[in-house]
Each structure stands twice: as structure tokens, then as C-alpha cells.
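Visitor: I'm new to this one. Could you walk me through how to read it?
Guide: Happy to; let's take a look together.

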Amino acid sequence: MCSLCSAIETVLYKRMGVREFVGKFIPAVKPKPVLSRQEALTAIPIRNPLLEWERTEEGELLLKVPVEQRSLLIRWAIAAFRLPPVRHIQLDEVGAAVWELCDGEHTVESIVQQMCKRTRMSRREVEASVSMFLKMLADRRLVAFKRGGRKKA
């Protein structure tokens, strides 16, 4: 390695930090971007288009999530044990209301405002509940987020 390359690496290493520098070459090590609270509130949740859902008679919402059948083992298990190719997730009334607002038009802020109107909880409680619920949906790949957007009441 030439001296110029090592000097550039040294500068990059000091400026970027170890994790960011290594993350340039190994994407798995790359640190996750940190969102500010304002950016998180202006994010727009979007439902996974592969999902189907229906309302039950009790007002609850039933999500039908297809089971990923990529691996041979999972395909074999589904065939051998006659497992259903679809998982069902039942959302209560509040979860169903949030799910219906994840239409790609409402921001997280507007969802929080509407849930504040529907429930008798404080804004802080609603914001924490909605953000945890949306995070859980995102972890299960049921919703995704796009940045920015206009505020919608």
C-alpha cells in the first residue's frame, strides 16, 4: 500500500469512525442511519402489497401472511405436516385502525393525531404505542416506510 493510500485511509478512519469505514467495504457492518424524532414522525408507513386482510364480525382485523417457501426444508415441512401456506394474525380494534391508516398517504404524525382523537390516552402514550406497533409490523415485514411527506390530519 502506498503512503498516499494509507494517509487517505487514516483520514477517513479518523473522520468516519471504525464502523463506518469498515461498513464501506462490508455492508453488513454498516451502521444503521439514525433518524431524528421529526423525521420519524414524517415517515409514511406503507402496507405490504402481498398481504390480504379482512374484517371479522367482532370488528377485529385478520391479516393473511403468506409463509415464505424459499428453503427446501420449509417447503418439505409444509408438505409433510400439511401446514397452511398462510399465517393468520389477528389485530384488535386499535391495531386494525392503525393498520387501515398505513395506506401510504398518512404520516406517522397524522396516525398519532387520529389515534389521540379515538382514544382517551395522552399524546405521549399514543405516540409510544403507535411507534412500537409500527416497529413490530416493520420487523415482521408487514409495513415499510418511505421518508418525508406532507402532514395529513
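**Helices that cross**

Guide: Helix 5 passes helix 6 in a right-handed crossing. This is a predicted model, where local features need pLDDT of at least 70 and side-chain atom pairs count only at pLDDT 80 or more, while totals for chains, interfaces and linings use all residues. Residues are numbered from 1 along each chain as its sequence is written, and side-chain values use heavy atoms, leaving out hydrogens and water.

Visitor: At what angle do helix 5 and helix 6 pack?
Guide: Axes are lines fitted to C-alpha atoms, for helices over the stretch in contact, and angles run from 0 to 180 degrees between N-to-C directions. Here the angle is about 145 degrees, and the axes lie 10 Å apart.

Visitor: Which residues make the contact?
Guide: Contact means heavy atoms within 4.5 Å. Helix 5 brings Val-94, Ala-97, Val-98 and Leu-101, and helix 6 brings Ile-111, Gln-114, Met-115 and Arg-118.

Visitor: And how do helix 6 and helix 7 cross?
Guide: Their axes come within 9 Å and cross at roughly 125 degrees. That is why helix 6 counts as oblique to helix 7: under 35 degrees is roughly parallel, over 145 roughly antiparallel, 65 to 115 roughly perpendicular, and the rest oblique. The crossing of helix 6 and helix 7 is right-handed. Among the residues that meet there are Ile-111 and Met-115 in helix 6, and Val-130 and Leu-134 in helix 7.

Visitor: How many helices and strands does the protein have?
Guide: Helices (H or I, at least four residues) and strands (E, at least two) are DSSP runs, numbered from the N terminus. The protein has 7 helices and 5 strands, in the order α-α-α-β-β-β-α-β-α-α-α-β.

Visitor: Which residues touch the most other members of the largest nonpolar core?
Guide: A nonpolar core is a set of buried Ala, Val, Leu, Ile, Met, Phe, Trp, Tyr and Cys residues joined through side-chain atoms within 4.5 Å. Buried means under 20% relative accessible area (1.4 Å probe, protein chains only). This core has 25 residues, and Leu-63, Val-98, Trp-99, Val-130 and Leu-142 touch the most other members. Strand 3 (61–66), strand 4 (86–91), helix 5 (93–101), helix 6 (108–118) and helix 7 (123–139) each supply at least two of its residues.

Visitor: What does Leu-63 touch?
Guide: Leaving aside residues up to four places away in sequence, Leu-63 touches Glu-52, Trp-53, Arg-87, His-88, Ile-89, Leu-91, Trp-99 and Leu-142.

Notes: Buried means under 20% relative accessible area, exposed over 50%, partly exposed in between (1.4 Å probe, protein chains only). A crossing is left-handed if the near helix is turned anticlockwise from the far one by less than a right angle, and right-handed if clockwise.
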